Each structure stands twice: as structure tokens, then as C-alpha cells.
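Please keep the sequence and the model in view while reading.

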Amino acid sequence: MRRAQELKVVFMGTPEFAVVSLQKLLDHKIPVAGVVTGPDKPAGRGLQMQPTPVKKLALQAGLPILQPEKLRDAQFIQSLREWQAEVFVVVAFRILPPEVFTMPRLGTINVHASLLPKYRGAAPIQWAIINGETETGVTTFFIEEKVDTGEMILQRQTAIGEFETAGELHDRLAALGAEVLVATLEQVASGKWQRKPQIGEASLAPKITKEMAAIDWKKSAREIFNLVRGMNPFPGAFTNWQGRHLKIFRARVYNEAAVDNDAGAVAKVNVKEGELIIQTGRGHLAIDELQLEGKRRMSAAEFLRGHPIRNHEKLSLT
């Protein structure tokens, strides 16, 4: 019976989430014939060209690398074919055309950060938190033409912590996804995997935009709390205070009682205790960590010591 260490794999991925899986393959000595990742991009103050996180690891490991601008490019397809991989592994990468994902003999496997069919799309981690889910997970499946609809191989669940942010959950799911990927390749190598159809109600997780991070104070304290967690660390849920952009990175539900005064109004300020409580459409939200435009991130206590804010003052987007 074959083992995963006898498979010849091509790895496709770009961001930090994918790095964890590639490192796991290397740790388990699973042969990686080559890596496909995004093109270098300008970044930082000097706009110097920077490699993707996956490319950095591939360079360290001495792996062959392809960085196609277009996935249907004939030269890219030919170079990919020459690697003669038996299986492709895709973790946080672009949508593949059929001529790519049908190329390997054993198929193309994707690691997705949700319990499919829930949260198909680009931002499953953020949307699970924004929607107040208490459980999520990772799924491996065979890629088909329609995005995130392929037959599943393995799925593993995990609880979402009450105060867990998208960034924290991202790191946990990256590690869990890497473990599930290795288990998946073991099954594929042995020929004992079972294709399982995705069953249940499907939902979508579209790409997060900065506009989606705007806080609507008319929503409930619970909904805003979930938005703040789901947008942390990026792009950061935001509002305005005295005409300045104010990001909120950590908050908690202070109470969920129905109230009838202005949503977005400051309901309580206690400089000594570091308390900043905001009225919402239903209940009150306590702000714990924030960042005013042009300033560093700081606790509510630090903010209150340097920025006079009064009861009944309004936070809003206008």
C-alpha cells in the first residue's frame, strides 16, 4: 500500500494561510515537485517588489517555482505538465481553469476553511464570525469547475471561541487544515478514500471589502460585536469620531436590553475604569481596543486618558 511520501505533489498557494500546509508537507517529507504562487508585488514604503509568503518558503526549501500571470498561459501549462505530478494541492489560491485542475492523474485537492457546503467563497473565516457561528472547520475536496462544490474527502470541525477574532481563527484553521491535508494525502495515496457529496444548505462567503467593515450602530450590540471580531485584523471595523476615522478592534456586548435612545451615542465614559460604552440599536457595546486615524492601536483606557469624549457624543459614519 502506497503512502503519502510516495506521491508526487504540486502545491499551489499564495498567503500565510497556505504556508502552514506547505511546511507540513515538507515536514512529512511528502515530495513537492514544484510550487505555483502569485506574482511578486510592490509593498512597503519604497514599493519594493516582494515575494508571496509561499514563495519565500519555497525558495528556502529549494523548490521549483512558477508565478503565472494567467493560468491559461500555454507556457505555464507546459511547465506544469513537465513536473509530472500525480496530484495537485491547492490552498488559498486562484480559481483554476479545467485544463489545470484536470491535469494530474489523481485529481486536484483543495483545502477550504469551512464546513462545506457552508461558506463557499473567498472569505469563509470572516463570514463565519460575522454571522455569529459557534462552530466551523476545514474541508478537503476534489476541485470541480464550479467553485467549492466538489466531492469531499475529509472534514474536521472546531468550535469558535466566544471572543475569537478572524485573525486568531485563521491561524488555528491554517494549522488544522495542514493536518487534514496530510491525512487526505495518506488516503489518496492508499487508494482508500471515499468521495462524499456536499450535503446541507449551501451559503456564500464573498470577498471582504473595506465598505463591509463600516459599523451600522442601528444594529444590535451582538451583531456589531461579531462584525468587530470578523474584521480583526483586516480591514478593521470602523466608525467616525469628531470627523476622524476610528477603527474598533476589540469590543464586547455590555448588555442586550432593548433601548430607545440614539444608536451610536456614547452611553457611559469612565476614565478611571477605562470604560467606553456605546448605545446600539439593541443593547450596549463596550469598546476595549481601538485606533484613531493617525494613531497606534490602544486600549480604551489609554484612549480615554488622551482623548476627551463625552456622554451623548455620537459615533457615526457621517
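A residue is termed buried when its relative accessible area is under 20%, exposed when that area is over 50%, and partly exposed in between, with a 1.4 Å probe and protein chains only. The model is predicted: local features need pLDDT of at least 70, side-chain atom pairs count only at pLDDT 80 or more, and totals for chains, interfaces and linings use all residues. Residues are numbered from 1 along each chain as its sequence is written, and side-chain values use heavy atoms, with hydrogens and water left out.

Helices (H or I, at least four residues) and strands (E, at least two) are DSSP runs numbered from the N terminus. On that basis the protein has 8 helices and 15 strands. Its C-alpha atoms fill a box of roughly 70 × 50 × 30 Å along the principal axes. Of its 318 residues, 49% count as buried. The accessible surface, from the Shrake-Rupley method with a 1.4 Å probe and with only the protein chains shown counted as cover for residues, comes to about 15700 Å², and 50% of it belongs to carbon and sulfur atoms. Contact here means heavy atoms within 4.5 Å. Among contacts in the protein with a separation of 6 or more, 65% are made by residues 24 or more positions apart.

Helix 7 (residues 221-230) is largely enclosed by the rest of the structure, because 8 of its 10 residues are buried. Those buried residues are Ala 221, Ile 224, Phe 225, Asn 226, Leu 227, Val 228, Arg 229 and Gly 230. Their cover includes helix 5 (124-130), helix 6, strand 10 (237-241), strand 11 and strand 14 (284-292).

Helix 6 also takes part in a helix pair. Two packed helices are described by the angle between their axes and the distance between the axes. Axes are lines fitted to C-alpha atoms, for helices over the stretch in contact, and angles run from 0 to 180 degrees between N-to-C directions. The axes of helix 1 (residues 16-27) and helix 6 (residues 166-190) come within 8 Å and cross at roughly 35°. On the helix 1 side, Phe 17, Val 20, Ser 21, Lys 24 and Leu 25 take part, and their partners in helix 6 include His 170, Leu 173, Ala 178 and Leu 185. The residues of this contact divide into 10 nonpolar, 3 polar and 2 charged; Ala, Val, Leu, Ile, Met, Phe, Trp, Tyr, Cys and Pro count as nonpolar, Asp, Glu, Lys and Arg as charged, and the others, Gly among them, as polar.

Helix 1 also meets helix 2 (residues 53-61), with axes that come within 8 Å and cross at roughly 25°. Helix 1 is therefore roughly parallel to helix 2, a term for angles under 35 degrees. Glu 16, Ala 18, Val 19, Leu 22, Gln 23 and Leu 26 of helix 1 meet Pro 53, Val 54, Leu 57, Ala 58 and Ala 61 of helix 2.

Ser 21 lies in helix 1 and is buried, with a relative accessible area of 1%. Not counting residues up to four places away in sequence, Ser 21 touches Phe 11, Val 91, Gly 177, Ala 178 and Leu 181.

Lys 247, in strand 11 (residues 244-255), is partly exposed, with a relative accessible area of 24%. With residues up to four places away in sequence again left out, Lys 247 touches Pro 235, Gly 236, Ala 237, Phe 238, Leu 290 and Gln 291.

Notes
Parallel < 35°, antiparallel > 145°, perpendicular 65-115°, else oblique.
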